[in-house]
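Dear colleague,

I am passing on the structure that we spoke about, and I would be glad if you could look through it alongside the notes below.

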Amino acid sequence: MTEAIFLSAGVPDPKRGPQYAATADTVAITAAVSALVHVTLGRRLLVWGGQPAITPMIWVVSQDIGINYGHWVRLYQSRHFKDEYPEDNERFNNVVYTEEIERDREKSLLNMRERMFSEHKFKAAVFIGGMGGIIQEYEMFRRLQPEAAVIPVISTGGATLDVGAQVESLAPDLTEDRDYVALFHRHLDVSVREERFESPALQPAVVEERFWQPPATA
């Protein structure tokens with residue numbers, strides 16, 4: 001099974017989270033999410049919790065790359081928000097809908113996150129922008145996936161700044177480097193030589209066997 005990458009990201013709402021919106025860089029958030037999809041699609045399974053502002057970004061990049069995103073992304077969505085689902089949900093043919101708990105927002109989100117973090121083995125979690133939910137996902141991720149790497153992209157601001165404050169030995173480039181494609185290649189250990197595969201089932205288990213090779217000559 002291919003290693004999974006968890007994405008926790010969001011664009012802060014100035015009304016609901018003014019303290020997060022004050023530090024967020026929306027251009028950087030969009031660029032970082034797009035770069036993450038570019039680096040991982042067809043190479044690593046990408047899992048996220050269906051944030052309405054993020055799902056369209058992932059859809060657009062998926063279309064540009066031309067890989068069957070249905071095999072490589074996993075979108076989780078709580079039925080508590082069924083009246084607020086973005087139209088883009090319908091474009092992903094592998095949405096995992098989790099049950100609403102007692103019509104309670106926080107209990108329903110807790111259930112969704114517990115399923116996300118229990119149903120996959122993650123290599124890393126990437127945190128970009130966001131509000132309070134980012135911090136909650138970080139805390140649960142550390143508890144349920146203690147061996148996975150945590151990559152807070154500090155330059156995007158928002159609640160990711162709070163996540164970064166809790167990470168020991170934070171790499172300086174997470175604050176300074178805005179070449180997000182190169183940043184994710186380094187921190188996720190995804191070689192630029194890795195080819196993209198139609199599905200995880202077709203991806204060789206040995207990383208070196210995924211590298212591009214020149215056509216054999218007669």
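What follows is a short account of one serine and its surroundings, and then of the salt bridges.

Please bear in mind that this is a predicted model, in which local features need pLDDT of at least 70 and side-chain atom pairs count only at pLDDT 80 or more, whereas totals for chains, interfaces and linings use all residues. Residues are numbered from 1 along each chain as its sequence is written, and side-chain values use heavy atoms, with hydrogens and water left out.

I begin with Ser155, which sits in the loop between β6 (149–152) and α6 (160–166); helices (H or I, at least four residues) and strands (E, at least two) are DSSP runs, numbered from the N terminus. With a relative accessible area of 9%, Ser155 is buried, where buried means under 20% relative accessible area, exposed over 50% and partly exposed in between (1.4 Å probe, protein chains only). Leaving aside residues up to four places away in sequence, Ser155 touches Asp25, Ala28, Leu174, Thr175, Asp177, Arg178 and Tyr180, contact meaning heavy atoms within 4.5 Å. With Tyr180 there is also a polar contact, side chain to side chain, at 2.7 Å (a pair of N or O atoms within 3.5 Å; within protein, one must be able to donate a hydrogen and the other to accept it, and residues adjacent in sequence count only if both atoms are side-chain atoms).

Two of the residues that Ser155 touches, Asp25 and Arg178, form a salt bridge with each other, their closest N and O atoms being 3.1 Å apart; the term stands for a side-chain nitrogen of Lys or Arg within 4 Å of a carboxyl oxygen of Asp or Glu. This pair links distant parts of the chain, 153 residues apart, since Arg178 is in the loop between α7 (173–176) and α8 (180–187) while Asp25 is in the loop between α1 (18–21) and α2 (26–40). Both partners are partly exposed, Arg178 at 48% and Asp25 at 26% relative accessibility.

By the same rule the count comes to 11 salt bridges. Among them is the one between Asp173 and Arg186 (2.9 Å, N to O); because Asp173 lies in helix α7 and Arg186 in helix α8, the pair ties together parts that are 13 residues apart in sequence. Here Asp173 is buried at 17% relative accessibility, whereas Arg186 is partly exposed at 44%.
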